[in-house]
Amino acid sequence: MSRLRAEGEGLPRLEVSEVEALFREYHPRVYAYVRYRIPDVSEAEDLTSEILERALTYLASYDARKGAFSTWLFRIAHNAWVNHLKRRQRQNPYHVDLGAGMEDLVAHEPTPEQAVLHKEEIAQMLKCLATLPPRQQEILSLRFAGRLTNREIARVLNMNERTVSVTILRALRKLRQQLVEVDTP
Amino acid sequence: MNERQKAKALAQALDALLGGQEGAGSISADEEIQALSELGRSLGNVAFTPSATHQAQVERLLREHRVQRERASVKYESGAHGLREVDMETPTTQKLKEFTARLLPEWLTPRVAFSAGVALSLVCTLLLIAGGVARRAWRDVPAAPEPVSVSEADLEQDVSPLPDPSAETSPAQDTTPNILSEAPYAALLPLMYSPLRSQHALLQDIRGLVEIQADDGTWTWVSKGRIIEAGQRVRTAELSGAQLVFADGSTARLGPGTEVSGGRAHSMGG
């Protein structure tokens, strides 16, 4: 028997190796999801660790029959993020400094100059993202950083899948508009 | 097509483009949708690499989880709702349970063992109580016996009838309780002393002054319920009386001024 049984309702329990594989796979995605919202690297790392630790603690409650692991994990991430926001209630929304806090950004550009430009673009994009309504920020983060499908996002946020699609459309429109406004002095 | 429907159609087209699908029709060729799709891809291409410290921290979390899982063993119990995890045991407790299971038969479940233990304790307690009662009764009875050689013919000689007990009150009357006759186990006395019955006699219904003679010749006032040993002399004073009960159920009444000695009873006159 490759899977063990978990408490109460006969939930399939993941093997240690499966858990490790899943966490190694999802760690960068969770980190990116957090980094989309938190410009400070150490703060983002702390929150990511908190999310993963919480997920490990409550691993027994994961029921594969109810949904994908990604949905379960990002629901934990979403709740952790909400709690994090509450803790930071007194502070202003994140302010992204251009070129700052981007040392962990992966640059695929062939030359350093292009990489710097790319980083600046990303920083600008994230700065504009931070101006969107929280719900739109959340959905874009889950969609593009967490790489969840619209259906998975709908499950995480208890929304309609079509509503998620439309929200992504509107959020991207708004983000594009913001970027255009920044580019045109 | 109203705004809402248009938004849904655009969102669908965008989904298709973001998902790398074709065939969203003319809408997917829309410039705005193309731009939004490009923006979405740019967002999706943003990748962050966690620092080495953070990676190490996550690895430590996974290592701790692995150790925790290795320490724990899962035990299953087949219940009405199917297999379920009942507890997490350390290897030591699991070995102990396995050892106990090998040692005890299968039917001896803890519940049965507990009930049996309680029943055994109750039985032991009752036995102890019964033993204590018997021992106390034995201690209360004076030991000693030597054969009594009082002839029945002499003893059946009732020197004088005892006065009515209710009518007579003597200041010297023994007020100590008659343990043997009043005890709840008095009915068992004949059984308890059956080996000695032929040599002893029970002195009871004592009224007034009744004395027995000790080995040194002195007379001692006796209380109720004494066993008269072989060779002992018993005498009653004036206005006194007693009754001797023998093993075979026969009785001898001692009237006032009577003395029984070595199988004889005679009146001291009076």
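The following questions and answers concern a predicted model and the contact between its chains A and B. Local features need pLDDT of at least 70, side-chain atom pairs count only at pLDDT 80 or more, and totals for chains, interfaces and linings use all residues. Residues are numbered from 1 along each chain as its sequence is written, chains are lettered from A in the order in which they are written, and side-chain values use heavy atoms, with hydrogens and water left out.

Q: How many residues does each chain bring to the contact?
A: Contact means heavy atoms within 4.5 Å. Chain A brings 48 residues and chain B brings 38 residues.

Q: What area is buried between chain B and chain A?
A: Buried area is the accessible area (1.4 Å probe) that two parts lose on being put together, summed over both. Carbon and sulfur atoms give 65% of it. The area is about 4,200 Å².

Q: Which residues of chain B lose the most area to chain A?
A: Together they account for 19% of what the chain B side buries. They are B:Leu43, B:Phe48 and B:Arg69.

Q: Which residue of chain B meets the side chain of A:Arg173 in a salt bridge?
A: A salt bridge is a side-chain nitrogen of Lys or Arg within 4 Å of a carboxyl oxygen of Asp or Glu. The rule finds 3 salt bridges across this interface. With A:Arg173, the N to O distance is 2.7 Å, and the partner is B:Glu32.

Q: Which residues of chain B are in contact with A:Tyr36?
A: Neighbours within four places in sequence are left aside. In chain A, its contacts include A:Leu126 and A:Phe144. In chain B, they are B:Leu43, B:Gly44, B:Val46 and B:Phe48.
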